[in-house]
Structure formats: structure tokens, C-alpha cells
Amino acid sequence: MTVLVFVEHAAGEPDELSLQALAFALDFAGGNGVDAVLIGGADAASDLPVGTAHVAELDGGYAPQAWARAIAQLEPSVLVAAGSERGNEVLAHAAVMTGGALAANCVAAAPGDPAEVTRMRWGGSLLEEARIHGPVKLMTVAPHAVAPATAAGDPAVAPFTPELRDEDLVARVVERVDTSTGGLSLAEAPVVVSGGRGVGSPEGFAPLEELAGMLGGVVGCSRAVTMAGWRSHTDQVGQTGTKISPELYIPCGISGATQHMAGCKGAKKLLAINSDPEAPIMATADYAVIGDVAEIVPAITAELRRVSG
Amino acid sequence: MDVLVCVKRVPLTGGKMVLTADERGIETRHLGFTVSPHEECGVEEAVRLVEAHGGSVTVVTLGPPEAEEQLRDALAIGADRAILLETDGSDWDPESTAAALADVIAADAPDLVIFGNESADAGGYQVGIRVAHALGRPCVTGLKALAVEDGQLRGEQESGSARDVYRVPLPAVVTVKEGINLPRYPSVPAKLRARRKPVERREPERRDARLELVRLVVPEGRGRQAEVLGEGPSAAPAVVELFQRLGVA
């Protein structure tokens, strides 16, 4: 059994999530061989800790079905990728092409027939123990479930030209539009101050904006807030919104539904401001202040101004 | 144009998951149900497309008899007809689900099929793509914007601080993400009209699951509560001290 890992890359370097998938694959393979497959990017393959790094030579931008066709031509029996947008998408196509079964967002796995996996449901609020049956097994690895592979290797780099079908290139990226605002993004901000229904109104976010600004952070919100039309979906933290990983997360008036918590599991520290000391978020928060968000947040900004003189 | 949307019935889970005795499902006796979030936006998008271009919206689900509620919700938003692929409520693997849906969709031959990018509960990330292959149609996933012009679909997918643009000919399959639109709340008359719209029921055939659910596990919590810094505005100095300790102020 050789385990094949689809490695995504940018600017000549393998992606962090792909290196996590590679570590997962090395562990799954035990003493068996692990190979990598990349679409372009021989530079990114040069020191991967694998036996062979297959590099598909494909022109043009991202084309999920074409990328999957290239990978499927290597006839893997076990195929692993990152649980990234593209990792999940390419492996779903590859599952059809190889006739395999795909388990998305795995956190652990043991080889065998069937293979045993533990995978995420509900954005990680629930785990599923499952079996993958059949001759071809595909897994994506949940982001940050395992540490990335750090050892360097000296793989045989094997370029190949995949044989594509016409239909493989119908869905492909034809244009890229830059949408960056120049400001700090929710996903990368070191501090995020979020409001939930408990903030009361769109205007109720003004004190949160002020606090976030003073801490060099940005404002987020819960799904209840975006569904009420109070703020844009781009501000939503959660399973179906943005996943954040700030140094400090300050959810204000947010009860802690699983939908929301799936988006802020990456936060290093969590300070909840909530009127309900029994709210589910208290079991996840490191620190809490109990009371009315509309009174507490302005008091915090006033104190910050006072101490900074 | 005729648009077909696939939706999934999922529980409104709130703050805590409790499992059933057989550990193969969530205890839902005290929970409400909803359409999985991405798919809720899928229904809205389908209705908007048909409002703009004419045609019809069909909504399909595979689930227990009670999933009729979610079909009625979609009919109240503006779908014209619904198909329920009725199961006993147990978990269906992605391949079986896709095969059952593909059978129905192939017979219906819509111009566009819309899925959610992934379901809120199982999160398999593959049913839409499997159906696209079964139908021999192109598939674009994770769309945050969608438009139809001259028989072509233009879709935008978020990619970091950029958007990747796709253009594919119809018929096609797409998966959408929440945020592509803000779904409307159905009016009372619309809900009443929805009660009279047709819901066809069919019994799909289930295959042996190659991704077989064994049991569910609730991840261990930390087993401790938050450290309370204070109550009300008087907690402000303790909060600022914490900011300084964490190096954020």
C-alpha cells in the first residue's frame, strides 16, 4: 500500500494545511510508502518527506475536475488531502473517478479493510467514527487536527502530463477579482470583538467597533445578527461564516450555539461578555464578565482611555 | 429556466449536543428543525433566478416523512413543487444519497441544479459533485455570487482576499454558500399557499454504505467554567488588566 497525498502549494512552498495532511498520511502509512502529487509546482515538491513527488504539468488556472483527473491517473488506493476548500472539492471529483469512498475532515485514522476513521460533523461540534470500505479510500484531513510534517526529504520528482477529457476543463477559473479592502481581515485579526442578538440592534455595535479599534482588532457577529440583516455576512463568525483564530476573542451577547463555536475554536483566549451566567459559552470561555453588553463595553473603552492617559 | 434545489433537514442544535441511546444520532425530541443554512440560501437563489428569468423551481429532499416541513418552508419562499425521497430517518451515506438524487434529477432535466456546499450536520462535501458526474454536467462549488446570462452561468467563489470567477454553459450543477443572499422571511399568505402546493413522495433504494457510520461521539469539553472577572461596568479595570497581561492593549 502506497499512500498518495495531494499537496497544494503557493509561491514555491507547500501549503501549511497540506503539510498537516502529509503528517496524517505518514502516520496512517506506518512503514509503508508515501508519495505526493502536485499540480505544477516542482519547486514546492523538492524537499517533501516522500518517496516520489509526482508533478502534473497542466496549463491554466484552477480546474477542479482536471486536477482530479490528473491525480486519479496515478491510480491511488489511498488518497489524502487537506480539508481545505480545494482539497475537499478535488477529492470529491477523484472519488467518483477512482470509484472510491471519501471521508471528509478526518481527525484520526487507522489502516485496514475497512479503514477506520474519526471525522468531524457539525464543524467539529460532534465527531463520527466511521469505516471506509472498498479498494480505494479517500480522506481529507480537518484543518489543525494534526501538526504539520516538518522533516525534509529528498523525493524523486516525477513530472507527468495527464490525459484530460474535454469535459474536465469546462469548469475552471477564468478570472480572479481582487476583493481586499486593504484593512485587517476577520480571519487574520489578532483581536475580534463579536456581537450577537444580545447587542440589541445594528446601532448597538458602535461601542464594539470602538473597542475593536482600540485593541487593533475587528468586529464580528453571530449568525442571528446576519440573518436579521443587522450586519453583512462577511462579518459572520461560525460554521457557515468565517473561521477565526485571534489571540483574543471577545463574544458579546452571544450564547454559544454550536454553529458559532465551530467558527472560533482557533481563538487562543476567549472573554465572554454576557448577561446569562448559565449560557453555554461559559463552558468554552476562559474569562467572563456578567451583565449588560451596552453598559460593560463602553466602561471598558473608558477604562482603556484612562490608563493610556 | 427550470431550477432544482436539493435541501437537507437538520436539527436546530443550540448550545449542546446530546446523543440518542444507540449513539447513531442526535437526541432531537426537544429540538426544532430547519433547512441546512447553505441550502436555505440555495432556495432563495433559485427563486430569485426564476423571478428574473421565468421558469419553475423544484425543491427535493431525501429524509424522513417529517422533512415535508422543510419542503413546505421552501414552497413558502417561492418554490413551485417539491419531491420527498422518503427514508426511515437513519443516516444515508453520500454515495447512496447522490445516487437517489441523481435518479430523480435526471428524469426532471432542469437547467440548473443547486446544492449547499456542505450539509450542516454530516458535512460530507461531495453529494453535489457526485450528482454532477452522474448527470454528466459541469460543477462549480462554494459560490458566493451567481448570474445567468445567455445560457451561461457566471459564478464567483471566495478565495482568500479575492474571488475566482467561473463561466460554465447550462445545464450545470452548482453548490452555494451562505452569504450569497439573505433569504426572505415567507409571508403568512405565502405559507398558506405553500400548504396547497404539490409534494410528490417516492421511496428511494438504499445501497450498502461504503462510508459507514459506526457511532457518534461528543468531543470532551474542558470540564471547567470561565473565570468570572466581575459583574457589570465595575469589571472594566479587571478586563483592561487582562488585556495588558495578554499583550493586546
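Me: A residue counts as buried if 20 or more other C-beta atoms lie within 10 Å of its own, as exposed if 12 or fewer do, and as partly exposed in between, with C-beta atoms placed from the backbone. What makes strand S12 (residues 173-178) of chain A lie largely in the open?

Reply: Zero of the six residues of S12(A) are buried, so the strand lies largely in the open. Strands here are DSSP runs of E with at least two residues, helices are runs of H or I with at least four, and both are numbered from the N terminus. This is a predicted model, in which local features need pLDDT of at least 70, side-chain atom pairs count only at pLDDT 80 or more, and totals for chains, interfaces and linings use all residues. Residues are numbered from 1 along each chain as its sequence is written, while chains are lettered from A and ligands numbered from 1 in the order in which they are written.

Me: How do you know that S12(A) pairs with strand S9 (residues 162-169) of chain B?

Reply: Pairing takes at least two bridges found by DSSP between two strands. S12(A) and S9(B) have five, and they run antiparallel. One to look up is A:Val173, whose bridge partner in S9(B) is B:Tyr166.

Me: What makes S12(A) an edge strand?

Reply: S12 of chain A pairs on one side only, and strand S11 (199-202) of chain B does likewise. The open sheet has ten strands, ordered S12(A)-S9(B)-S8(B)-S7(B)-S10(B)-S6(B)-S1(B)-S4(B)-S5(B)-S11(B), with mixed pairing. On average, neighbouring strands are turned by 30° against each other, direction ignored. A parallel piece of the sheet is strand S6 (residues 112-116) with strand S10 (residues 172-176), both of chain B, joined over five bridges. There, B:Phe115 has B:Thr175 as its bridge partner in S10(B).

Me: Why are H4(A) and H4(B) called oblique?

Reply: Helix H4 (residues 85-98) of chain A packs on helix H4 (residues 127-135) of chain B at about 45°, with the axes 9 Å apart. Axes are lines fitted to C-alpha atoms, for helices over the stretch in contact, and angles between N-to-C directions run from 0 to 180 degrees. Under 35 degrees is roughly parallel, over 145 roughly antiparallel, 65 to 115 roughly perpendicular, and the rest oblique. H4(A) and H4(B) are therefore oblique to each other.

Me: And which residues make that contact?

Reply: From H4(A) come A:Ala92, A:His93 and A:Val96, and from H4(B) come B:Ile129, B:Arg130 and B:His133. Contact is a matter of C-beta atoms, placed from the backbone, lying within 7 Å of each other. Between the two chains, the contact takes 73 residues from chain A and 64 residues from chain B. Helix H8 (293-307) of chain A gives the largest share of the chain A side, eight residues.

Me: What makes a set of residues a nonpolar core?

Reply: A nonpolar core is a set of buried Ala, Val, Leu, Ile, Met, Phe, Trp, Tyr and Cys residues joined through C-beta atoms within 7 Å. The largest one here has 118 residues, and A:Val5, A:Ile71 and A:Val80 touch the most other members. Helix H1 (residues 16-29) of chain A gives the most to this core, eight residues. Leaving out neighbours within four places in sequence, A:Val80 has contacts including A:Val3, A:Phe24 and A:Met139.

Me: Is A:Leu184 buried, exposed or partly exposed, and how do you know?

Reply: A:Leu184 has 15 C-beta neighbours inside 10 Å, so it counts as partly exposed. A:Leu184 lies in the loop between S12 and strand S13 (191-195) of chain A. Not counting residues up to four places away, A:Leu184 touches A:Ala189 and A:Val218.

Me: What makes B:Glu23 and B:Asp150 worth a look?

Reply: Most residues other than glycine have a negative phi, and most peptide bonds are trans. B:Glu23 has a positive phi of about 60°, and B:Asp150 has one of about 50°. With 13 other C-beta atoms within 10 Å, B:Glu23 is partly exposed. B:Asp150 has 6, so it is exposed.

Me: And where are cis peptide bonds found?

Reply: One runs from A:Asp113 to A:Pro114, with omega near 5°. Another joins B:Leu170 and B:Pro171, where omega is about 0°. A:Pro114 sits in the loop between S7 and S8 of chain A, and B:Pro171 in the loop between S9 and S10 of chain B.
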